[in-house]
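Welcome! Here is a short briefing to read alongside the structure, with its points grouped by topic.

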Amino acid sequence: MSSGNGWAALPCGRRRKWVVLGLWLVVLLVAAPLAGKLMGAEDNQASSWLPANAESTQVLEAQRLFRPVDTADAVVVYQRAGGITVEDHAKAVRDAEAFTGAPHVVAPVVGPVASADGQALQTVVPVQVGTTGWNNLGPAVDSLRATASAGAQPGLVTHVTGPAGIGADQAKAFAGIDGTLLYSTVTVVIVLLLLTYRSPVLWVLPLLSAGAALAVAEAVIYLFAAHAGLTVNGQSAGILIVLVLGAGTDYALLLTARYREELRRHEDRHEAMAAALHRAGPAILASSATVAASMLCLLIADMNSTRGLGPVCAIGVAVALLAMLTLLPALLVAFGRWVFWPVRPGFGTPEPTRTGRWARIGAWIAHRPRKVWIGTALALAACTAGLVSLNATGLSTAGTFTGTPDSVTGQQVLAAHFPGGTGAPLTVVGNAGPPMDAVRQAVAATPGIAGIGPAEVRGGEALFPATLTDAPDSAAARATVDRVREAVHAVPGADAKVGGSSAVLLDAGRAATHDNRTIIPLVLGVVLLILAALLRAVVAPLVLIATVVLSYAAALGISAFFFAHVFHFEGQDQAFPLFVFVFLVALGIDYNIFLMTRVREESAHLGTRRGAVAGLAATGGVITSAGLILAATFAVLGTLPVVGFAEIGFAVALGVLLDTLVVRSVLVTALTADLRHRMWWPSRLFRTAPREPEGAAEL
């Protein structure tokens with residue numbers, strides 16, 4: 001084996017490949033049991049999602065003095081259009097007694113309470129939340145629903161809503177998320193790998209490598225969650241599956257394509273793999289570093305859920321990189337050329353990409369680069385017009401589900417017969433004594449408050465609920481929170497704070513807005529530095545960043561139009577623009593890195609315009625396949641009955657397709673052909689690359 005490839009020869013030597021495979025087998029035997037524990041380590045409590053310094057989070061912590069066991073209220077609603085009968089009321093009383101025996105229910109059960117119009121009753125049932133967030137809510141709410149509906153007279157309709165009812169339906173929506181996403185994503189990857197490789201065998205090796213990477217990543221993340229305080233929730237665990245399988249398969253495609261190319265130049269497959277790693281390795285490494293660094297930028301987020309997502313995804317990408325640069329090469333070399341059957345790349349056979357479809361497209365672009373990139377840029381800019389439909393101001397409870405679960409219907413019934421905030425009151429906490437009396441008066445006098453409940457006193461602290469006149473997830477309720485906070489903060493010596501569901505939504509929205517403003521510029525800066533280091537230039541990184549931002553804006557515009565006018569979603573979560581940006585910029589830059597590192601390699605001896613055509617010809621097919629696979633894996637998120645996941649999946653999938661098929665293949669190629677050697681300023685290649693005439697010339 002040639003020693004000139006240095007580190008690239010390590011995982012694919014004649015004996016070393018078996019050492020690598022043996023080490024991975026040992027690692028997987030250790031990792032598999034730990035990976036299975038990750039779901040049990042998820043923390044889906046409200047405080048794990050919220051900013052640590054938010055007032056609503058501080059209230060959640062203060063409530064532990066009054067309720068050592070975290071609880072969420074389930075509100076059982078009884079409704080009869082013609083008015084509640086005596087029999088209905090008697091049933092509700094019997095149910096209230098029976099509710100105390102339901103799983104995870106804690107005393108006291110309050111109610112039934114009749115509505116002013118006499119058409120509804122409500123009973124409030126506290127449910128122990130537990131340490132994992134919503135796992136206890138499902139069994140409790142199922143039991144409450146069964147009890148309330150059993151023996152009801154015809155015409156009496158029952159629902160279970162409130163924070164516990166909504167949480168149970170959210171838990172149901174996330175139930176099996178790991179399995180659903182895993183099986184759906186694996187199916188998509190298998191189908192697309194079969195179409196890409198047109199081999200009944202080859203697809204198995206990238207999939208095995210990606211699966212091994214996922215198992216090891218989940219094990220590492222579990223250890224960090226269990227012993228280092230890393231926050232993992234249902235959202236980050238779900239995105240991890242898609243990201244590792246999608247990005248890992250992308251890296252596998254790039255390496256395998258280069259390996260197949262080198263097999264035509266080297267008779268020995270070990271030398272071919274060493275050459276492939278030597279050539280493609282830096283691009284794969286830079287690509288994964290870009291994604292990981294972009295994800296780690298999330299560590300400065302105010303939102304705990306966003307901050308936890310960063311290291312989870314970074315670990316996943318790092319392990320995927322390790323697997324694709326060690327395990328996959330060892331597997332490919334161990335299996336030999338036959339794994340490419342029925343189209344085996346023979347030594348000395350011509351490279352088909354040099355005269356293929358992408359070579360012809362590149363030549364067409366290079367004859368008229370300025371017209372092509374201007375036209376493409378204008379078309380993408382036109383797509384950004386859809387941004388007027390973007391409504392990333394947050395989702396109501398009903399808007400978070402793609403369907404209409406029972407808790408949403410119950411909330412609507414509750415709002416129709418009781419004050420809007422019934423079932424999800426504000427929680428006011430402060431110092432007991434005369435200051436709290438002034439706080440109660442201030443809250444009661446605040447517009448938007450329908451009433452206040454009795455105060456509880458513990459250890460010098462006092463707590464009382466305040467019912468809103470508006471629905472707890474409405475903009476009006478959030479405005480009331482601000483008014484109440486202003487009123488209670490003005491009471492001397494009270495040290496009063498306001499929490500509750502509406503306050504949580506308000507604080508989460510403001511934290512997301514802060515994260516959008518701070519993290520997006522940081523990610524751009526980090527990616528720019530990585531590109532500058534990789535390409536050793538200034539102009540090329542700036543051009544690539546500009547194209548990816550334009551692609552992001554176009555994808556967001558098209559997505560917003562579809563959300564509003566086709567899917568009829570209520571809006572988007574405040575964190576939606578940030579998540580889509582981070583994934584699209586990090587993953588979109590991937591394809592530009594794959595293309596431009598090859599263009600740079602070819603430009604050194606062909607000139608930049610011819611190098612752009614040669615680079616596109618060599619990478620066009622594999623990058624398109626990688627983009628289709630990554631887009632399809634993110635589109636799998638749309639199978640979940642959660643609007644937030646569906647929107648992220650749609651927007652990222654669309655953005656990846658735009659970047660793969662339009663931005664990278666057309667816009668970047670045209671810009672490179674038009675700028676020529678100036679693309680590499682001020683690197684040595686800017687001075688040494690063969691000069692080409694400014695006008696279009698035959699290629």
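**Aromatic rings and a helix pair**

Phe562 has a relative accessible area of 31%, so this residue is partly exposed (buried means under 20%, exposed over 50%, partly exposed in between, with a 1.4 Å probe and protein chains only). This is a predicted model, where local features need pLDDT of at least 70, side-chain atom pairs count only at pLDDT 80 or more, and totals for chains, interfaces and linings use all residues. Residues are numbered from 1 along each chain as its sequence is written, and side-chain values use heavy atoms, leaving out hydrogens and water.

**Ring pairs**

- Phe650 is partly exposed too, at 25% relative accessibility.
- Phe563, at 1%, counts as buried.
- A cluster linked by ring pairs holds Phe561, Phe562, Phe563, Phe567, Phe569, Phe576 and Phe650 (ring centres of Phe, Tyr or Trp, the last by its six-membered ring, within 6.5 Å; planes under 30 degrees apart are stacked, over 60 edge-to-face, the rest tilted).

**Helices α18 and α19**

- Helix α18 (residues 539-565) packs with helix α19 (residues 576-606) at about 135 degrees, their axes 9 Å apart (axes are lines fitted to C-alpha atoms over the stretch in contact, and angles run from 0 to 180 degrees between N-to-C directions; helices are DSSP runs of H or I, at least four residues, numbered from the N terminus).
- Among the residues that meet are Val548 and Phe563 in α18, and Phe576 and Gly588 in α19 (contact means heavy atoms within 4.5 Å).

**Gly588**

- Gly588, found in helix α19, counts as buried at 4% relative accessibility.
- Leaving aside residues up to four places away in sequence, Gly588 touches Val548, Phe583 and Asp659.

Key
Helix = DSSP H or I, 4+ residues; strand = E, 2+ residues; numbered from the N terminus.
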